[in-house]
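Here are my notes on the model you sent over, as numbered points. Keep the viewer open while you go through them.

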Amino acid sequence: MLEFKLPDVGEGLHEGEIVQWYVKEGDAVQSEQHLVDVLTDKATVEITCPRAGKVLKILAKPGDKIKVGQTIVVFGQEGETYQGAGNGVKDHATAAPGPAAEPSRVMAGVSGTGEVSATPAVRKLAKDLGVDLVLIRGTGSQGRITEEDVRQAAGPKVQPQMATAAFGPEERVPFLGIRRKTAERMIHSKRTAAHVTHVDEADMTELVALREQTKATAEQQGVKLTYLPYIVKAVAAGLKEFPYLNASLDEAKQEIVLKKYYSIGVAVDTEKGLFTPVMKDCDKKNVIQIAKELDALIKKAKAGQLEVSDLQGGTFTITNVGPIGGLMATPVINYPEAAILGVMKMAKRPAVKDGQIAVRDMMNLCLSFDHRVLDGAEAARFMTALIKKLEAPASL
């Protein structure tokens, strides 16, 4: 028999959440067969079978959080039965995971995490009370999580909700996987960063005309040109002018980290949830190059084929709500980044141009930023500069 333990998937993380099993007890399996999906802080990782054999026992169910090195399944041969630990089972986890134990594919992910600073006693208390330390903002020295922080986070026990089925038919969906991980990251961001949202509007009429002129050339290069690549390019240029928008706060060291590279994440709505692949070094690419790379990342996200490297290294995030609709939003910062831009629907609206009312292509932009890292004036200046670039797109 062989105990198969959750391998280190190479992200520097210590645990993952079981999302879905693709085998069941009693199944005959082959080496490299899709075994289970495990959700880490960054991605859903596909784990494959380390060897051929029979699944004797599955030791974790969807929703369980598993430490790296913890046994999740026991394999054996036909005719063998599993009687529990200590029954001649070989320990597979003490050795470094071999190639078959490595994740074969990353399906998608949620970016952004921070170090947790807490003493062993506080960690034990959190474990006893069922509190996730990642979700707590420490009030101790240099952000260290204290015993009181944990007790406050534990709060009163959750009261069961009033039964509602009596009022009509309903469906209950497990709160697991990417949905729960997204919720955890959003709560962490809202509890940690000092969110402020600044809203403005841009006259996109000139950009609409430029795109129409360029679209055919882009198509000849196999590129579907939308408005988003122009916005990405303009944002990258704006971040160079306003470095505190391209920053993060290192709470442990009490330092604001100004990033000297401009890698922009774009939130992608998929059937599996919201993921944020990152386009690296956007300032060094032209609009066509950005369009091509963006199209490839979106396709990978929707197909569940993103790699971990696609999700790392972002310095700023754009969430494009425009195709769906809406006038404004209050985007949640992709912590620990300092800001996120929400792009709203573009529509023809009356506007004053050269002293006359004219029909223009107008679009609202919503910038949420961490008020600990920068002030509203800096955010407003960034937005003004960004709008100026979008309204004169030939300079991009």
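1. A word on terms before anything else: buried means under 20% relative accessible area, exposed means over 50%, and partly exposed is in between, with a 1.4 Å probe and protein chains only. By that scale Glu32 counts as partly exposed, because its relative accessibility is 47%. Glu32 is in the loop between strand E3 (28-29) and strand E4 (34-39). Helices (H or I, at least four residues) and strands (E, at least two) are DSSP runs, numbered from the N terminus.

2. Some housekeeping. This is a predicted model, where local features need pLDDT of at least 70 and side-chain atom pairs count only at pLDDT 80 or more, while totals for chains, interfaces and linings use all residues. Residues are numbered from 1 along each chain as its sequence is written, and side-chain values use heavy atoms, with hydrogens and water left out.

3. The overall picture: the protein has 7 helices and 19 strands. Of its 396 residues, 46% are buried. Contact here means heavy atoms within 4.5 Å. Among contacts with a separation of 6 or more, 65% are between residues 24 or more positions apart.

4. Most residues other than glycine have a negative phi, and most peptide bonds are trans. Glu32, from point 1, has a positive phi, near 75°. Asp354 also has a positive phi, near 55°. Asp354 is in the loop between E18 and strand E19 (356-370), and it counts as exposed because its relative accessible area is 72%. Then there is the cis peptide bond joining Tyr335 and Pro336, with omega about 10°. Look for Pro336 in the loop between E17 and strand E18 (339-353).

5. How do H1 and H2 pack? Two packed helices are described by the angle between their axes and the distance between the axes. The axes of helix H1 (residues 120-129) and helix H2 (residues 147-154) come within 9 Å and cross at roughly 10°. Axes are lines fitted to C-alpha atoms, for helices over the stretch in contact, and angles run from 0 to 180 degrees between N-to-C directions. H1 and H2 are therefore roughly parallel to each other (under 35 degrees is roughly parallel, over 145 roughly antiparallel, 65 to 115 roughly perpendicular, the rest oblique). H1 makes the contact with Val122, Leu125, Ala126 and Leu129, and H2 with Glu147, Val150, Arg151 and Ala154. By class, that comes to 6 nonpolar, no polar and 2 charged residues. For the classes, Ala, Val, Leu, Ile, Met, Phe, Trp, Tyr, Cys and Pro count as nonpolar, Asp, Glu, Lys and Arg as charged, and the others, Gly among them, as polar.

6. On to the aromatics. A search of the whole structure finds 3 aromatic pairs. Rings of Phe, Tyr and Trp (its six-membered ring) pair if their centres lie within 6.5 Å; planes under 30 degrees apart are stacked, over 60 edge-to-face, and the rest tilted. Phe242 and Phe382 have ring centres 6.2 Å apart and planes at 90°, so this pair is edge-to-face. Phe242 is in the loop between helix H5 (228-241) and strand E12 (247-250), whereas Phe382 is in helix H7 (residues 376-391), 140 residues apart. Phe316 and Phe382 make a tilted pair, 6.1 Å centre to centre with 50° between the planes. Phe316 belongs to strand E17 (residues 316-320), 66 residues apart from Phe382. Phe316 and Phe382 are both buried, as is Phe242. Phe242, Phe316 and Phe382 form one aromatic cluster.

7. Ala339 is in strand E18 and counts as buried because its relative accessibility is 0%. Leaving out residues up to four places away in sequence, Ala339 touches Leu245, Phe316, Thr317, Ile333, Leu367, Ser368 and Phe369. The C-alpha atoms of Ala339 and Leu245 are separated by 6.0 Å, although the two residues are 94 residues apart along the chain.

8. Last, His14. His14 is in the loop between strand E1 (2-5) and strand E2 (15-21), and it counts as exposed because its relative accessibility is 63%. Beyond its neighbours within four places in sequence, His14 is in contact with Ile66, Lys67 and Val68. His14 and Lys67 are 53 residues apart along the chain, with their C-alpha atoms separated by 5.8 Å.
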